[in-house]
Amino acid sequence: MTMGKLIVFEGIDGSGKSTQFKRICDRFEAAGVSFRRLAFPQYQEMSSALIKMYLAGEFGADPADVNPYAASSFFAVDRYASFVKDWGGYYSGGGLILTDRYTTSNALHQGSKLPERKRPAFFKWLYDFEFNKMGMPKPDTVLYLDIPVETAAARIQNRQARTGTDSDIHERDIEYLKCCASSGLQAANYYGWKKIACIRDGQERAAQDVHAEIYELLISEVPYDK
């Protein structure tokens with residue numbers, strides 16, 4: 001059986017990963033690339049019930065109220081349900097999958113609850129739990145958008161003002177966001193993710209500039225004539 005290819009866009013809240021994910025997907029579609037686009041969590045599905053309860057603060061108003069292993073299982077179940085019901089067959093048949101968030105998000109958000117010295121053990125458990133024990137596919141490429149916390153926080157505030165949305169328990173805690181950034185960089189180094197700098201020479205990079213770098217990294221990954 002020929003397995004497919006899985007490419008993941010990752011980064012802390014406010015990093016612009018969803019914007020960059022959409023840009024790449026739109027460009028691939030325009031170029032005639034055959035692929036499936038996904039985004040996690042799958043809030044429209046019943047499998048996300050525990051995630052929504054967790055993010056709404058029903059298990060505690062502070063993210064640390066739920067230990068990282070328990071919280072990770074909420075998100076893992078949602079991904080597993082999606083894989084089995086939706087895209088597993090396509091992937092197993094050699095299909096290309098692009099996704100906004102994946103198991104990698106637990107490395108950021110849940111790993112942030114642990115001291116730096118304990119994160120490697122959690123990172124090891126996380127990949128083993130989903131990719132070996134649960135049988136989920138492991139990413140071929142993870143693109144990590146690296147951004148300073150202050151810039152990300154300002155983006156989150158601007159987005160909420162623009163859309164009229166409220167923060168979840170992750171977004172409303174700046175110290176938590178700082179811990180996520182620390183855990184994210186540690187995870188990127190631990191797993192060997194490709195890091196994309198969102199700041200260059202002290203200046204925030206234009207979205208198109210970041211997109212161009214990502215595109216150049218990915219064109220060798222996709223099955224079409226460039």
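Two strands are taken to pair if DSSP finds at least two bridges between them, and helices (H or I, at least four residues) and strands (E, at least two) are DSSP runs numbered from the N terminus. The model is predicted, so that local features need pLDDT of at least 70 and side-chain atom pairs count only at pLDDT 80 or more, whereas totals for chains, interfaces and linings use all residues. Residues are numbered from 1 along each chain as its sequence is written, and side-chain values use heavy atoms, with hydrogens and water left out.

The protein chain contains eight helices and seven strands. Its C-alpha trace spans about 50 × 45 × 35 Å along the principal axes. The radius of gyration, taken over C-alpha atoms, is compared with a globule rule of 2.2 Å times the number of residues to the power 0.38; for 226 residues a compact globule would have a value near 17 Å, and the 17 Å of the protein chain agrees with this. Buried residues (under 20% relative accessible area, with exposed over 50% and partly exposed in between; 1.4 Å probe, protein chains only) make up 50% of the 226 residues. With contact defined as heavy atoms within 4.5 Å, 76% of the contacts between residues at least 6 apart in sequence join residues at least 24 apart.

Five strands form an open sheet in the order 2-3-1-4-5, with parallel pairing. Strand 2 and strand 5 stand at the edges, each with a single partner strand, so one side of each lacks a neighbour in the sheet. Neighbouring strands of this sheet are turned by 20° against each other on average, direction ignored, where axes are lines fitted to C-alpha atoms, for helices over the stretch in contact, and angles run from 0 to 180 degrees between N-to-C directions. Helix 1 packs on the sheet, touching strand 1, strand 2, strand 3 and strand 4, and its direction makes about 155° with that of strand 3. Helix 7 (residues 174-191) lies across strand 4 and strand 5 and runs at about 145° to strand 4.

Strand 3 (residues 96-100) is mostly covered, five of its five residues being buried. Leu96, Leu98 and Asp100 point one way from this strand and Ile97 and Thr99 the other way. Strand 3 is joined in parallel to strand 1 (residues 5-11) by five bridges and to strand 2 (residues 36-39) by four bridges. Asp100 is the bridge partner of Phe9 and also stands opposite Ala39. Strand 1 in turn pairs in the parallel sense with strand 4 over five bridges, and Ile7 stands opposite Thr141 in strand 4.

In helix 8 (residues 207-218), Val210, His211, Ile214, Tyr215 and Leu218 are buried. These residues cover an arc of only 135° around the axis, which puts them on the same side of helix 8; the arc is that of the directions from the helix axis to the C-beta atoms. The buried residues of helix 8 pack against strand 1, helix 1 (17-30), strand 4 (141-146) and strand 5 (194-197).

Backbone geometry was also examined in the loops. A cis peptide bond with omega of about 0° joins Phe40 and Pro41, and Pro41 lies in the loop between strand 2 and helix 2 (49-55). Arg101, in the loop between strand 3 and helix 4 (104-109), has a positive phi near 80° and is buried, with a relative accessible area of 16%. Asp201, in the loop between strand 6 (199-200) and strand 7 (203-204), has a positive phi near 55° but counts as exposed at 77% relative accessibility.

How values were computed:
Expected span 1.5 Å × (residues − 1).
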